[in-house]
Amino acid sequence: MNPRVPLLAAGGGALLAGLYGGLLLLGTPVPAPALPLEAVHGPLMVLGFAGTLIALERAVALGARWALLAPACSGLGGLTLLVTGPGLAGKVLLMAASVVLLGVYRALWRRQPEAALLAQAAGAFAWYAATLLWLAGFIVAEIVPWLTVFVVATIAGERLELARVALFERHAERWFLAALAALTAGAAAVTVRPAGGTQLFGAALLGVVAWLLVHDVARRTVRASGLPRFIAVGLLAGYAWLGVAGVLWAGAGATGGGARYDATVHAVFLGFVMSMIFVHAPVILPAVLRVPLPFHPLLYAPLALLHASLLVRVVLGDAFGAAVVWRWSGVANVAAVLGFAACAALSRRAHRRPPVARAALS
C-alpha cells in the first residue's frame, strides 16, 4: 500500500469529525457523541485536516521518508483529539508536526533559498506558535490569529512561487515579505494586547490580500478555460473572503465569540482555505497519491454552493441575526464540502471508464 494513503485518510477522518462538530455547534438535530467534538472543531479542521494535507504535500515535494513524520503526527494528533478531546497528547502531537514541518522547509531551503519558502516556513512557525499557546492554556479563539497566519502564509507562499514568472514590479517580493512580516507581528500583538493588536493584524491581512489581488496570475488565468479558470475563480473568491475577515478585524477589533467571530473565522477557514483546497485538489491529490483526478465542470457546483451558502450565513445569519438561516446555511457549508468529495469521486470514476463510455456521458 502507498504509505501516503493512510496519512491522507487520517486527515480525511479529521475533516469528517470536524464537520460533525460543526453540525453540533450549529445546533442541528444530530446524535451527540460521548466526547464534545465541538470543543475541537477548529483544530480538527485547520490542523488535523488542512495541516495534514499541507504537510503531506511538502513531504512529497522534499522526497525524504523522514518528512512523512510531519503529516503522520498531525493526522495522529487529529485522531487523538477525536478520541480524547482537547487533551495533552493531541496537542503535543500537533505541535510535533509543526516542528518536523519546519525541518522540511529547512531542507527545501538548502536546495533553493527563495522568498516563497520563507513565507511557507513562517506559516509552519505560526502553526507551532498556535499549538504552543494552546498547550499553555490559551483557548482556541485566542489562537485563531496564529492559525490564520499558518494558512495564509502557506497558501500565499505557494502562490508567490507561481507569480514570480509574471512579476513585473521590481520590489514585489519585498512588499510581499513586508506584508507577511506585519501579519506575523500582528498575531504576536494580538497575543499580548488583543485590543490594539487585532486592528494591526486586520490591516496587515488586508495588505496581504491586496498583494495577492495585484500580483497573482489568477487575474489573467480567469479568462482561460478548463482547470486554470476553475482554479482562478476559486482563488479570487477566496481572496475576497480573506478581505472580509481583514475588514472585520481591522474595523471592529477583537472578539472571542458571537456573530462577528463566526463570520470572521468562517470567512478565513471556509471562504478562503476550503476554496483553496477545492480548486487545488485536481493538482495536489495526483501529486500526492499518484492517481489522476481530472477536472470536470461538475466541480463548480460544490464551489458555488460553498460561497453562496457562506454569503447567506454571514449576511443574513450573522449580520442580521436570522438564527434559522444561520443554522441551515451552515449545514449547506458542510454539504458543499461533502459534495466536493462526491463530485471528485465521480470525476475520477468517469475517467477510469473506457473512452466510449466517457463520450456517452459527456
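1. R159 is buried, with a relative accessible area of 5%; buried means under 20% relative accessible area, exposed over 50% and partly exposed in between (1.4 Å probe, protein chains only). The side chains of R159 and D216 meet in a salt bridge (2.8 Å, N to O), a term for a side-chain nitrogen of Lys or Arg within 4 Å of a carboxyl oxygen of Asp or Glu. D216 is buried as well, with a relative accessible area of 1%.

2. This is a predicted model, in which local features need pLDDT of at least 70 and side-chain atom pairs count only at pLDDT 80 or more, while totals for chains, interfaces and linings use all residues. Residues are numbered from 1 along each chain as its sequence is written, and side-chain values use heavy atoms, with hydrogens and water left out.

3. The whole structure holds three salt bridges. In one of them, the side chains of D262 and R313 meet at 2.8 Å, N to O. D262 lies in helix α11 and R313 in helix α12, so the pair ties together parts that are 51 residues apart in sequence. Helices are DSSP runs (H or I, at least four residues), numbered from the N terminus. Both D262 and R313 are buried, D262 with a relative accessible area of 10%. Not counting residues up to four places away in sequence, D262 touches R313, D318 and W326; contact means heavy atoms within 4.5 Å.

4. R58 and E57 also form a salt bridge through their side chains (2.8 Å, N to O). R58 and E57 are both buried.

5. The largest nonpolar core has 113 residues, and L183, F269 and M274 have the most contacts inside it. Such a core is a set of buried Ala, Val, Leu, Ile, Met, Phe, Trp, Tyr and Cys residues joined through side-chain atoms within 4.5 Å. Helix α11 (residues 258-289) gives the most to this core, 16 residues. Leaving aside residues up to four places away in sequence, M274 touches L15, M45, F49, F269, L306 and V337.

6. On the surface, L311, V312, V315, L316, F320 and V325 form a nonpolar patch with about 490 Å² of accessible area together. Patches of this kind join nonpolar side chains (Val, Leu, Ile, Met, Phe, Trp, Tyr) within 5 Å, from residues with over 30% relative accessible area and no salt bridge; areas come from the Shrake-Rupley method with a 1.4 Å probe. Helix α12 (residues 300-319) supplies the largest share, four residues. F320 sits in the loop between α12 and α13 (323-352) and is exposed, with a relative accessible area of 64%.

Key. Helices (H or I, at least four residues) and strands (E, at least two) are DSSP runs, numbered from the N terminus. Patches are made of residues with over 30% relative accessible area and no salt bridge: like charges are joined within 9 Å, nonpolar side chains (Val, Leu, Ile, Met, Phe, Trp, Tyr) within 5 Å.
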